[in-house]
Amino acid sequence: MSRPCPLSGHRPKVGREKARVRVCRGGPRRRSGTPCLTSAAPSVHNRVRHGVLDLRIAIALLALWTLLSLPALAVERFPPPDFSNHQLPVTTVPPPQFAANPYVDVALLALALALASYLAIRRRSRRGLFLLTIASLVWFGFIRHGCICPVGSIQNVTLAIFDRAYAVPWAVAAFFALPILFTLFFGRTFCASVCPLGAVQELVALWPVKVPAWVDHSLGLLSYVYLGLGVLFSATGTAFLICRYDPFVGFFRLAASANMLIFGACFLVVGAFIGRPYCRYLCPYGALLRLVSRFSKWHVKIPPDECIRCRLCEDVCPYGAIREPTVATAVTERRRGRRRLAVLIGLAPLWIALGFWLGTRLEVPLSELHPTIRLADRIRQEQTGRVQGTIDASDAFRNTGRAPADLYRQALALSAMFRTAGGWFGAWVGLVVAAKLIHLSIRRQRNDYQPDRSGCVSCGRCFWYCPVEQAKQGWIQEVPGTGPLFGENSLPAEQAAGRKMDLSP
Amino acid sequence: MAAQAKPVHLGVLIVAVVLVAIGVGAVAVWRIDWLGEHGSGLSDSFKYDLQKYQKIDPALFHYHLVAEMPIDMRDPRAIAIGLGDQILVAGDKAIYVYSPLLPGEGTGTSVSPRPLGEGPGVRAAGPTKAGRAVDSPHPNPLPEGEGTTKTISLDSEPYSLTVGNADHAFPGRIYVGMWDHVETFAPDGSHLATWSKLGILTSVACADKVVFVADAHAKVVWEFNPDGKPLGQIGRRSGSRQGPMFVVPSPYFPIAMGPDGLLRVSNPGAHRVEAFTLDGHLELAWGKPSERIEGFCGCCNPAHLAVLPDGRIVTAEKGIPRVKVYSAEGTFEGVVAGPESLSPNLAAATETREDLRLHPVSVAADSRGRILVLDPVARCVKIFVENQK
Amino acid sequence: MSHQQDIKRIMHRRAFVGNALRVAGALGIGGAVAGLTVRKGEGRPWVWQIDPSKCIACGNCATHCVLDESAVKCTHSFGMCGYCDLCTGYFHPEPIALNSGAENQLCPTGAIRRTFVEDPYFEYTIDERLCIGCGKCVKGCNTFGNGSLFLQVRHDRCQHCNECSIAIACPSQAYRRVPADQPYLLKLREAKG
């Protein structure tokens, strides 16, 4: 009686044992007789304990039990031969091997984040950040095989919100939340030297070139679109798109399909010239952190003291995240800018509405990814004779003995869901575009060269190269040149280039 | 001049490299078969293929399909022919009794010709709806008028079925093999008795005074008198080698009674049909394992047996679903139905559907020599008639 | 002077409001995520597993795993096995002889071992080091036999990808997440006596 009920998974409580025994003893307890439905009994028994009612419940339960035990009989297994002297081997069930204990994992993540924040903001140590990057690459990448990472955890959290049957494991939830919390206070220090995907790109950013601003801005929108798609497909329980197209996880596992390895290699080749292409133009978690980082309490600063406007930082930033000081504009220009801003803000709802409308049109291509809809399509095509022959999926469906009409009903409901989801996705894209346009039209005032809070990944190169910092650290005697030096570097080009490769002070 | 041209070239080169890398990456990702639509990519040596054995030489077919009688059951499991060629089908905790088939072609009796393809079939108030004559140049033998004459309801799922014939001590008495016991019913459908519990029952058969019950768990055939009194058993070795004679690795262990007074028992693990006298002596045994048409395929076959009025044996196999006819002595004569005439996904269905695992096609033969095949996937009885010589 | 003090006060207030908002945001995110975790279950980890009643042994498991050698292997429920001499999961459909000759074996990698138990029974065990999870034997066993051979994700090999590559390619949607403390969907948990 104390066996755990295989259906409900509950171990019956001892205190309620007595009543249940009474119910079951009368029952035909033969064969697979595991009293499953007794888990339904406690709440009833608490209310009615004695007398006729009790008996009636017992009879009802008995009837239910007989009913439930019949299918069990139907699939009853045939016994093995009665060997005279042979012990049946036991089927081995090796338990799951996780790369790390979740407690250790989350603790290490928190530690790495704290260390990265300290190194970037307090200690201002590029070397420390670099070493931490390598350590993170080794641990979160190659030892833990890059899975699960905060980037992918977006989908687990989304699925948990929309799918009542799915509970996100607490370690995954922690992986999702911790970097966001740290970013809220310290900027994207996670991207700087904790994320293994960022780390691998950080290492290959050897000959970075400046991406034209308009390309950078437009490609930057992609990551928000990708975030939208990732959320859409995980919310509908269709796919974990972000994990599927993770370019570097194959390297971390040292095993992947050849095509995914080529894909990752291509990213690295591009990354040699365009710094962190995945982080800047695709990473959906990066998109989230960019939003959060705007409101961070602290953030890396380039010059510790007064900026000498040497532009070294701008030159050295591989990610195009340094914003130059603004120049004063004429009043008429400012007025025009304000008018433009007003128009753009006014147009924002229109963008969103347009996006929603266009998104609902995406129902068919989006839903194609859902296995049930794909299957329903295939079955319909086979039934109407539009395709010849069957595939594994349609054969498997027929073997289940389910009626196609039932499948079509399910597919239709899913389609409707995708229409709504597509609409929200479109609205999100509309919002992103509108926000980008508005953001570009807002005029800001900057006196110094400053990192763009959303684009900056806190890698620390800028303050590493800053002459003011170097002088402060005592690495050089004095700040070369004084005053604003627009248009030319204060250091000879060769020297700057030489320093780029050389990480030791 | 050269110094100025150099950075331009470098820039072009970088752009080119980046574009090529993006292109290669895009193509690489595009070509991944995420959904497995192009199959596993394994070579043929990794594929399990029975195609070769599923093709049967058309010349070997000695029977042809003349009609299909749909059975309105979720889960039909057993078929038997009753007195006067009534058709009994068991399943869904019930037994449906259908009126006999019309005398058809190939039986020497003339029938009034009816238009092809629109035979009225079984038009019943009961569980069945219209039957369907198969497109063939032969008259439709489906019974006319009220199809189901009665329904007997059962307490649990039936697995096997037999009816006492005219020679039986109680003609028309219905013996139903449940999972582990036998229930008996009078010809009018009233319940007679519930016999004591045995192991896993797969088949029942009856001679004039004896009822045989095949028990796949004990691997013996029990003998009872018609009232359920144990008489003995067949299949237990005596002498130095103890233990069962039958190799029964799975719950397929059919028996059938022949007009020659011998009980046919399938020894499925040995791929043999054995004939026993009523007192349990092995008279003859035949059959060999082979995927080829004359043998019994795979494992645990034949899975069902029936005996024609002239004493020939009808065997039904699972795995590669096929129904064949052998002479009483075991000479292969011809094919009744193959994978093509039986439900197309029967073989596949037994792979995945656990509820179908316990009852592959079952067969019965009526007094006119027509073979009735119960197809549990198509949920119908397929009626086959011997080709005219 | 007082102007500067005003500015200072405003800045101070701004910083306070900002900090308050940040703390509120952090608490909100942390609370929401924690709530999601504990809403159902204890936030236990999940692993991927094949439901053998849905599996059609199509062979995709062998080739679509991210590992070079698939984590899916044939698993044998010994309590279900018929211990047949002619095992259709072990032998080629038309074997020349019922022995362990390579020409008679169904398994392309020779991963099934056949040992004599007692007349007429033989025991079949899987050598996981050789099995690639193609499911050929599973089909042979299911087509004719008891279905005691079936495919399972072996969790000592599985990488526990967040999205299982084989699950995407599974034509019968047989893959699903199962709690990591009950990581197998065996056909028969205990052999019936």
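**Figure 1. Chain B has 4 helices and 25 strands.** This is a predicted model. Of the 389 residues in chain B, 59% count as buried. Among the contacts in chain B with a separation of 6 or more, 51% come from residues 24 or more positions apart. The accessible surface of chain B is about 15,900 Å². Carbon and sulfur atoms account for 56% of that surface.

**Figure 2. B:E157 and B:R77 form a salt bridge in chain B.** Their closest N and O atoms are 3.7 Å apart. B:E157 lies in the loop between β6 (148-153) and β7 (160-163) of chain B, and B:R77 lies in strand β2 (residues 76-81), so the pair ties together parts that are 80 residues apart in sequence. Are the two residues buried or exposed? Both B:E157 and B:R77 are buried.

**Figure 3. In chain B, B:R173 places its charged end over the ring of B:F170.** The distance to the ring centre is 3.9 Å.

**Figure 4. Chain A meets chain C.** In this interface, 65 residues of chain A are in contact with 59 residues of chain C. The size of an interface is often given as the accessible area lost when the parts come together. Between chain A and chain C, the buried area is about 5,100 Å². Carbon and sulfur atoms give 62% of that area. How many salt bridges are counted between chain A and chain C? The count is 1 salt bridge. A:R244 forms a salt bridge with C:E163. The closest N and O atoms of A:R244 and C:E163 are 3.1 Å apart.

**Figure 5. A:F356 and A:W424 form an edge-to-face aromatic pair.** A search of the whole structure finds 34 aromatic pairs over all chains. In the pair of A:F356 and A:W424, the ring centres are 5.6 Å apart and the planes are at 85 degrees. The pair links distant parts of the chain. A:F356 belongs to helix α17 (residues 331-360) of chain A, and A:W424 to helix α21 (residues 404-441) of chain A, 68 residues apart. A:F356 is partly exposed, with a relative accessible area of 31%. A:W424 is exposed, at 58%.

**Figure 6. C:Y90 and C:Y124 form a tilted aromatic pair.** Centre to centre, the distance is 5.3 Å, with 45 degrees between the planes. This pair, too, links distant parts of its chain. C:Y90 sits in the loop between β2 (72-76) and β3 (112-118) of chain C, while C:Y124 is in strand β4 (residues 121-126), 34 residues apart. Both C:Y90 and C:Y124 are buried.

**Figure 7. Ring pairs build a cluster in chain A.** The cluster links A:F248, A:F251, A:F263, A:F267 and A:Y278.

**Figure 8. Helix α15 (residues 284-293) of chain A is mostly covered.** Of its 10 residues, 8 are buried. Among them are A:Y285, A:L289, A:R290 and A:V292. Which elements cover the buried residues of α15(A)? The cover includes α6 (150-162), α7 (170-186), α8, α10 (213-235), α11 (241-244) and α14 (277-281) of chain A.

**Figure 9. A:A192 is found in helix α8 (residues 189-193) of chain A.** A:A192 counts as buried, at 3% relative accessibility. Leaving aside neighbours within four places in sequence, A:A192 is in contact with A:T133, A:E202, A:R276, A:V457, A:S458 and A:C459. One of these, A:E202, is 10 residues from A:A192 along the chain. The C-alpha atoms of A:A192 and A:E202 are separated by 8.5 Å.

**Figure 10. A:R409 and A:D406 meet in a salt bridge through their side chains.** The N to O distance is 3.8 Å. Being 3 residues apart in helix α21 of chain A, A:R409 and A:D406 are separated by about one helical turn. A:R409 counts as exposed at 56% relative accessibility. A:D406 counts as partly exposed at 31%. Over all chains, the structure holds 40 salt bridges.

**Figure 11. C:D51 and C:R176 meet in a salt bridge in chain C.** The N to O distance is 3.1 Å. The pair links distant parts of the chain, 125 residues apart. C:D51 lies in the loop between β1 (46-50) and α2 (60-64) of chain C, and C:R176 in strand β6 (residues 175-179). C:D51 is buried, with a relative accessible area of 14%. C:R176 is partly exposed, at 38%. Elsewhere, salt bridges that share partners join C:E69, C:K73, C:E128, C:R154 and C:R157 into one network.

Notes
Residues are numbered from 1 along each chain as its sequence is written. Chains are lettered from A and ligands numbered from 1 in the order in which they are written. This is a predicted model: local features need pLDDT of at least 70, side-chain atom pairs count only at pLDDT 80 or more; totals for chains, interfaces and linings use all residues. Side-chain values use heavy atoms; hydrogens and water are left out. Rings of Phe, Tyr and Trp (its six-membered ring) pair if their centres lie within 6.5 Å; planes under 30 degrees apart count as stacked, over 60 as edge-to-face and the rest as tilted. Helices (H or I, at least four residues) and strands (E, at least two) are DSSP runs, numbered from the N terminus. Buried means under 20% relative accessible area, exposed over 50%, partly exposed in between (1.4 Å probe, protein chains only). A charge sits over a ring if NZ of Lys or CZ of Arg is within 6 Å of the ring centre and within 35 degrees of the ring normal. Contact means heavy atoms within 4.5 Å. Accessible areas come from the Shrake-Rupley method with a 1.4 Å probe; for residues, only the protein chains shown count as cover. Buried area is the accessible area (1.4 Å probe) that two parts lose on being put together, summed over both. A salt bridge is a side-chain nitrogen of Lys or Arg within 4 Å of a carboxyl oxygen of Asp or Glu.
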